[in-house]
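Colleague: I have a model open and would like to learn how to read it. Could you take me through it?

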Amino acid sequence: MSFEKDDRVVFHDKHSEFDEEVGTVTQVMETMFGEATYTVSFEDGQETGVPADALEAADADDEE
C-alpha cells in the first residue's frame, strides 16, 4: 500500500520508540529503486526512511 502526505498511519517497528503509535506522513521520498519511503511525524518526534510495509492506514477510532 502507498501513502500520501498528510495521511494518518500506524507505525510498526518493535525497535522504535514510536512502535504502534499513530502519526502523520509529512514527506514521501522515492528511492533509486522506485520504491517509496516516508517521513512520519508523531507528537514527540519523527521517523524517517520508513518503508510502506511498516505502516498501515489509521482507523478513525485509532488513538493519537
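Modeller: We will look at the strands, the core and some backbone angles. This is a predicted model, so to speak of its local features we need pLDDT of at least 70, and side-chain atom pairs count only at pLDDT 80 or more, while totals for chains, interfaces and linings use all residues. Residues are numbered from 1 along each chain as its sequence is written, and side-chain values use heavy atoms, with hydrogens and water left out.

Colleague: How do the strands pair, and how many bridges join β1 to β2?

Modeller: Strands are DSSP runs (E, at least two residues), numbered from the N terminus, and two of them pair if DSSP finds at least two bridges between them. Here β1 and β2 (residues 22–30) run antiparallel, joined by three bridges. β2 and β3 are also antiparallel, over six bridges. T24 in β2 is the bridge partner of R8, and T24 also has S41 in β3 as a bridge partner.

Colleague: Which residues make up the largest nonpolar core?

Modeller: Nonpolar side chains tend to be buried together in soluble globular proteins. A nonpolar core is a set of buried (under 20% relative accessible area, 1.4 Å probe, protein chains only) Ala, Val, Leu, Ile, Met, Phe, Trp, Tyr and Cys residues joined through side-chain atoms within 4.5 Å. The largest one has eleven residues: F3, V9, F11, F18, V25, Y38, V40, F42, V50, A54 and L55. Three of these come from β3, the largest share.

Colleague: Where does D6 lie?

Modeller: D6 is in the segment before β1. D6 has a positive phi of about 80° although it is not a glycine.

Definitions and conventions
Buried < 20%, exposed > 50% of the residue type's maximum accessible area, 1.4 Å probe, protein only. Helix = DSSP H or I, 4+ residues; strand = E, 2+ residues; numbered from the N terminus.
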